[in-house]
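Good morning, and thank you for coming.

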Amino acid sequence: MIFNEEHHPIFVWRSHSNGRGDLYDQISHWLTVDGAYIVEENDTDAVQQNHIACIPNLKKNHSIMASNCKRIKPNFNISFISKTSANTNMIGVHIRKSDRITTFTRDPAAKDDQTTPQESAAAISLATNAIISKRPKPDGVFIASEDPKEAQKMRMKLQDAGVNILIVGTDPIDVHPVFRDFFALSMCNEIWMLSSFSSFAIMAARVGNDKPLYSLLPPSYTHLERYLVPDVRPFPIYLAKNSTPHAFTW
């Protein structure tokens, strides 16, 4: 993201790094940023033609990026098509695997955005039980993950317990799943981040007008603090169905 002197975004871009160029190529197609252009990082002609005042040391400033994230809007229509009520109590769940899973032991004295396989499994189990026990019962749960098997496993457990699983519809129907899931999460009333850290879930909460973000770990343990999320909550723990939260993970 490139900013002018007033810290307002002028260009939003992503490079072809990390082998995800095909996805980044679609950013300008599937979303807009109010008051900003979306171009490729190396499109120097566009920068020169629009007389951009670039401040290099602000390119990676997460706090400025987060403060402007409410400008992000989908370039497509999106809605939940499996409604059971007014959908005023919808839970969005994000299961982050891949690059956030580590086999190394966590250093409690250092900020760590990684999650061990054991922590990931425990977080999914804890969240599943908490959602099943939650009262009032949620109107629906939307689950997003780059691991379809893990997401489906959680969906089945929730469905078996009588929890409504939200299905998303888009127009057009060929929206890339990453953009579909991101904006679907932002539409939920609260977001549960089932990993130590995920900018995907964090930014969905902020884009969704600062929805509550349930976090596995306290913000001070990871780099969550730099995103300035105003409402971060610990996972609630329920001893039994119909009970109220009696303790927290923090």
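Which residues of H8 are buried? They are Ala201, Ile202, Met203, Ala204, Ala205, Arg206 and Val207. Seven of the nine residues of H8 are thus buried, so this helix is largely enclosed by the rest of the structure. Please bear in mind throughout that what we have here is a predicted model.

The protein has 250 residues, of which 48% count as buried. Its secondary structure comes to eight helices and 14 strands. Consider next the contacts between residues at least 6 apart in sequence: 68% of them join residues at least 24 apart.

I return to H8 and to its partner, H7. Helix H7 covers residues 177–187 and helix H8 covers residues 199–207. The two pack at an angle of about 50°, and their axes are 7 Å apart. H7 and H8 are therefore oblique to each other. Their crossing is right-handed. Which residues of H7 and H8 meet? From H7 come Val178, Asp181, Phe182, Phe183, Leu185 and Ser186, and from H8 come Phe200, Met203, Ala204 and Val207. An α-helix has 3.6 residues a turn, so residues three or four places apart point the same way.

My next topic is the aromatic rings. A pair of aromatic rings is described by the distance of the centres and the angle of the planes. The count of aromatic pairs comes to seven. One of them is formed by Phe182 and Phe200, and it is edge-to-face, with 5.5 Å from centre to centre and 70° between the planes. Phe182 belongs to helix H7 and Phe200 to helix H8, so this pair ties together parts that lie 18 residues apart in sequence. Why does Phe182 count as buried? Its relative accessibility is 12%, and buried means under 20%.

Another pair is that of Phe197 and Tyr227, which is tilted: the centres are 5.9 Å apart, and the planes make an angle of 50°. This pair links distant parts of the chain, 30 residues apart. Phe197 sits in the loop between strand E10 and H8, while Tyr227 sits in the loop between strand E11 and strand E12. Both Phe197 and Tyr227 are buried. There is also one aromatic cluster to point out, formed by Trp30, Phe76, Phe182, Phe183 and Phe200. Phe182, Phe183 and Phe200 were already named in the contact of H7 with H8.

Helix H5, residues 117–133, packs against helix H6, residues 148–160, at an angle of about 30°, with the axes 10 Å apart. That makes H5 roughly parallel to H6, since angles under 35 degrees count as such. The crossing of H5 and H6 is right-handed. In this contact, Ile124, Ala127, Thr128, Ile131 and Ile132 of H5 meet Glu150, Met154, Lys157 and Leu158 of H6. These residues divide into six nonpolar, one polar and two charged.

I close with the backbone. Most residues other than glycine have a negative phi, and most peptide bonds are trans. Asn209, which follows H8, has a positive phi near 70°. Asp210, in the loop between H8 and E11, has a positive phi of about 60° although it is not a glycine. Leu228, in the loop between E11 and E12, is not a glycine either, and its phi is positive, about 55°. At 46% relative accessibility, Leu228 counts as partly exposed. Leu228 and Asp210 are 18 residues apart along the chain, and their C-alpha atoms are separated by 9.9 Å.

Another joins Asp171 and Pro172, with omega about 5°. Pro172 lies in the loop between strand E9 and H7, which brings us back to the helix that packs with H8. Thank you for your attention.

Key. Residues are numbered from 1 along each chain as its sequence is written. This is a predicted model: local features need pLDDT of at least 70, side-chain atom pairs count only at pLDDT 80 or more; totals for chains, interfaces and linings use all residues. Side-chain values use heavy atoms; hydrogens and water are left out. Axes are lines fitted to C-alpha atoms, for helices over the stretch in contact, and angles run from 0 to 180 degrees between N-to-C directions. Helices (H or I, at least four residues) and strands (E, at least two) are DSSP runs, numbered from the N terminus. Angles under 35 degrees count as roughly parallel, over 145 as roughly antiparallel, 65 to 115 as roughly perpendicular and the rest as oblique. A crossing is left-handed if the near helix is turned anticlockwise from the far one by less than a right angle, and right-handed if clockwise. Contact means heavy atoms within 4.5 Å. Rings of Phe, Tyr and Trp (its six-membered ring) pair if their centres lie within 6.5 Å; planes under 30 degrees apart count as stacked, over 60 as edge-to-face and the rest as tilted. Buried means under 20% relative accessible area, exposed over 50%, partly exposed in between (1.4 Å probe, protein chains only). Ala, Val, Leu, Ile, Met, Phe, Trp, Tyr, Cys and Pro count as nonpolar, Asp, Glu, Lys and Arg as charged, and the others, Gly among them, as polar.
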